[in-house]
Amino acid sequence: GEEALNLIAHSAAQAAARLQAFRLAYGAGGRDPSIKPEDVHETFGELIAGDGKVKQDWNPRGDLGFAERPVGFCKMLMAGLMLAQECLPRGGTIKVEAAGDNKTHLIAEGTDAHPRAQVEEAMARTLSPDNLDPRLVHPYALSLLAESYGFTFSIAEKGNGRVVLELRKN
């Protein structure tokens with residue numbers, strides 16, 4: 001009885017966190033200029049709290065590469081964090097830091113960190129939409145969303161337990 005209720009409560013909390021993360025990344029509310037990196041940090045923290053394998057180690061009030069936060073930045077940040085999480089099959093740490101003017105790096109570090117097969121092709125949209133499977137929809141949609149806000153998202157580095165996603169304002 002009690003164990004079943006705990007499992008249901010845990011599952012409901014995970015579903016709510018996932019829904020909130022996707023709303024922020026892909027919903028209309030993510031365009032709201034009142035959404036701040038602090039909100040993204042909190043939402044992503046709730047998303048990764050469920051399994052405890054992934055940690056985030058970044059300051060949402062610190063320098064993230066933009067003197068003024070462009071429209072859509074927090075949407076891109078949330079979606080990018082979810083993609084970085086997918087690069088950590090055995091867990092690890094995700095950092096966010098400035099990488100120069102108008103550029104942010106999302107760094108996923110951990111044992112066997114790597115992007116899934118064909119993620120780079122999905123992000124570059126060199127895969128036909130007909131060839132997308134459910135695990136490739138997120139990087140493909142992220143690329144389209146980034147373009148619509150004047151950003152590009154790419155994998156800047158991979159290997160040696162590290163994947164660096166680069167968010168750049170065009």
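At roughly what angle do the axes of helix α2 and α3 cross? In this predicted model, the crossing of helix α2 (residues 37-49) with α3 is at roughly 25 degrees, and the two axes come within 10 Å. Angles under 35 degrees count as roughly parallel, and α2 and α3 are therefore roughly parallel to each other. The crossing in which α2 passes α3 is right-handed. On the α2 side, the contact is formed by Pro37, Val40, Thr43, Phe44, Leu47 and Ile48. On the α3 side, Phe73, Cys74, Leu77, Met78, Leu81, Met82 and Gln85 take part. By class, this contact of α2 with α3 comprises eleven nonpolar and two polar residues, with no charged residues.

Helix α2 also packs with α1. The axes of α1 and α2 come within 8 Å and cross at roughly 145 degrees, and α1 passes α2 in a left-handed crossing. From α1, the residues in this contact are Gln14, Ala17, Arg18, Gln20, Ala21 and Leu24; from α2, they are Val40, Thr43, Glu46 and Leu47. The contact of α1 with α2 has five nonpolar, three polar and two charged residues.

The crossing of α3 past α5 is left-handed. In α3, the residues that meet α5 are Lys75, Met76, Ala79, Gly80, Met82, Leu83 and Glu86. Their counterparts in α5 are Arg135, His138, Pro139, Leu142, Leu145 and Ala146. By class, the contact of α3 with α5 contains eight nonpolar, two polar and three charged residues.

The largest pocket has a volume of about 220 Å³. It is lined by 13 residues, of which Arg18, Met82, Gln85, Glu86 and Arg116 are the closest to its centre. The elements that give two or more residues to this lining are α1 (2-26) and α3. The most is given by α3, with three residues. The lining of the largest pocket divides into five nonpolar, three polar and five charged residues.

Key:
Residues are numbered from 1 along each chain as its sequence is written. This is a predicted model: local features need pLDDT of at least 70, side-chain atom pairs count only at pLDDT 80 or more; totals for chains, interfaces and linings use all residues. Side-chain values use heavy atoms; hydrogens and water are left out. A crossing is left-handed if the near helix is turned anticlockwise from the far one by less than a right angle, and right-handed if clockwise. Helices (H or I, at least four residues) and strands (E, at least two) are DSSP runs, numbered from the N terminus. Contact means heavy atoms within 4.5 Å. Ala, Val, Leu, Ile, Met, Phe, Trp, Tyr, Cys and Pro count as nonpolar, Asp, Glu, Lys and Arg as charged, and the others, Gly among them, as polar. On a 1 Å grid over the protein atoms alone, a cavity is a set of points where a 1.4 Å probe fits but cannot get out, and a pocket is an open set with protein on both sides within 12 Å along at least five of seven lines; lining residues have an atom within 4 Å of a point. Grid points are joined across faces, edges and corners, and a volume is the space filled by probe spheres set on the points. Axes are lines fitted to C-alpha atoms, for helices over the stretch in contact, and angles run from 0 to 180 degrees between N-to-C directions. Angles under 35 degrees count as roughly parallel, over 145 as roughly antiparallel, 65 to 115 as roughly perpendicular and the rest as oblique.
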